[in-house]
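This report goes through one protein model, topic by topic. Please keep the sequence and the 3D view open while reading.

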Amino acid sequence: MERDFRGADLSGGDFSNAWFTDAVLAGVRLVGASLYRADLRSADLTGADLTGGDLVRANLDEAALRSTRLDGADLVRASLCDTDASGASFRGARFLGASLVDTDMRGADLTGAVLDENYFEIKVDDSTVMHGLTGTVFGPIPVFSGESSRELADSELEAWVAERGGQV
């Protein structure tokens with residue numbers, strides 16, 4: 001079954017418990033939409049706008065979130081495992097009890113995001129924005145620079161985030 005919503009405006013919609021597995025949602029506007037417990041596994045949300053979205057308990061495993069806007073999104077207990085969120089904007093988003101395992105956040109904007117009690121194994125680089133990021137982060141987290149990477153944990157990770165204006 002083909003689920004291609006490319007370019008649609010679904011802002012404000014209630015898609016609680018919806019099944020968007022493998023759906024193409026590239027460039028879709030979902031501003032203020034409720035995706036509570038929605039299944040978005042392997043969905044392509046490249047360039048979509050989910051500003052202020054309710055993604056509580058949403059499954060975004062293996063989804064493409066490249067350059068997606070999730071500003072102010074509520075990601076409580078959401079799952080973003082093996083997700084490509086490179087270049088995504090999470091300004092002011094709330095990650096509480098979320099699972100982010102092997103999540104690519106290189107070049108992502110986490111300005112003002114709140115983190116607490118997450119399973120957080122993300123990939124970052126020097127272009128990942130962390131100004132005003134608060135909460136708790138446990139390492140190690142791989143930090144990429146070109147093709148090479150180094151793992152940071154504990155006080156080293158805390159210092160790296162602080163150098164970028166965050167406080168964890």
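## A salt bridge across the chain

Asp126 is partly exposed, with a relative accessibility of 48%; partly exposed lies between buried, which is under 20% relative accessible area, and exposed, which is over 50% (1.4 Å probe, protein chains only). The model is predicted, so local features need pLDDT of at least 70 and side-chain atom pairs count only at pLDDT 80 or more, while totals for chains, interfaces and linings use all residues. Residues are numbered from 1 along each chain as its sequence is written, and side-chain values use heavy atoms, with hydrogens and water left out.

Which residue does Asp126 meet in a salt bridge? The partner is Arg164, at 2.9 Å from N to O. Asp126 lies in the loop between strand E4 (119-125) and strand E5 (134-135), and Arg164 in the segment after helix H1 (154-163), so the pair links distant parts of the chain, 38 residues apart. A salt bridge here is a side-chain nitrogen of Lys or Arg within 4 Å of a carboxyl oxygen of Asp or Glu. Helices (H or I, at least four residues) and strands (E, at least two) are DSSP runs, numbered from the N terminus.

## Other salt bridges

The structure holds 12 salt bridges. Arg164 also takes part in one with Glu163, where the closest N and O atoms are 3.3 Å apart. Glu163 is exposed, at a relative accessible area of 63%.

Salt bridges with shared partners join Asp9, Arg29 and Asp49 into one network. Within it, Arg29 forms a salt bridge with Asp9, and the closest N and O atoms are 3.6 Å apart. Both residues lie in the segment before strand E1 (94-96), and the pair ties together parts that are 20 residues apart in sequence. Arg29 is partly exposed at 38% relative accessible area, whereas Asp9 counts as exposed at 53%.

## The nonpolar core

How many residues does the largest nonpolar core have? It has 49, and those with the most contacts inside it are Leu45, Leu55, Leu75, Phe90 and Phe95. Such a core is a set of buried Ala, Val, Leu, Ile, Met, Phe, Trp, Tyr and Cys residues joined through side-chain atoms within 4.5 Å. E4, strand E6 (141-145) and H1 each supply at least two residues of this core.

Leaving aside neighbours within four places in sequence, Leu55 is in contact (heavy atoms within 4.5 Å) with residues including Leu35, Leu60, Leu70, Ala73 and Val76.

Which residues of H1 are buried? They are Leu157, Trp160 and Val161. Seen down the axis of H1, the buried residues fall within an arc of 95 degrees, so they line one face of the helix; the arc is that of the directions from the helix axis to the C-beta atoms. An α-helix has 3.6 residues a turn, so residues three or four places apart point the same way.

On the other side of H1, Ser155 and Glu163 are exposed. The cover over the buried residues of H1 includes E4, E6 and strand E7 (148-152). Just after H1, Gly165 has a positive phi of about 90 degrees.

## Aromatic rings

The whole structure contains 4 aromatic pairs. The ring centres of Phe90 and Phe95 are 5.3 Å apart and the planes are at 55 degrees, so this pair is tilted. Rings of Phe, Tyr and Trp (its six-membered ring) pair if their centres lie within 6.5 Å; planes under 30 degrees apart count as stacked, over 60 as edge-to-face and the rest as tilted.

Phe95 and Phe120 form an edge-to-face pair, with 6.3 Å centre to centre and 70 degrees between the planes. This pair links distant parts of the chain, with Phe95 in strand E1 and Phe120 in strand E4, 25 residues apart. Phe95 is buried, at a relative accessible area of 0%, and Phe120 is buried at 8%. Elsewhere, Phe5, Phe15 and Phe20 form one aromatic cluster.

Arg57 has a phi near 60 degrees, a positive value in a residue other than glycine. Arg57 lies in the segment before E1 and is partly exposed, with a relative accessible area of 39%. Ser67 also has a positive phi near 60 degrees. Ser67 is found in the segment before E1 and is partly exposed at 49%.
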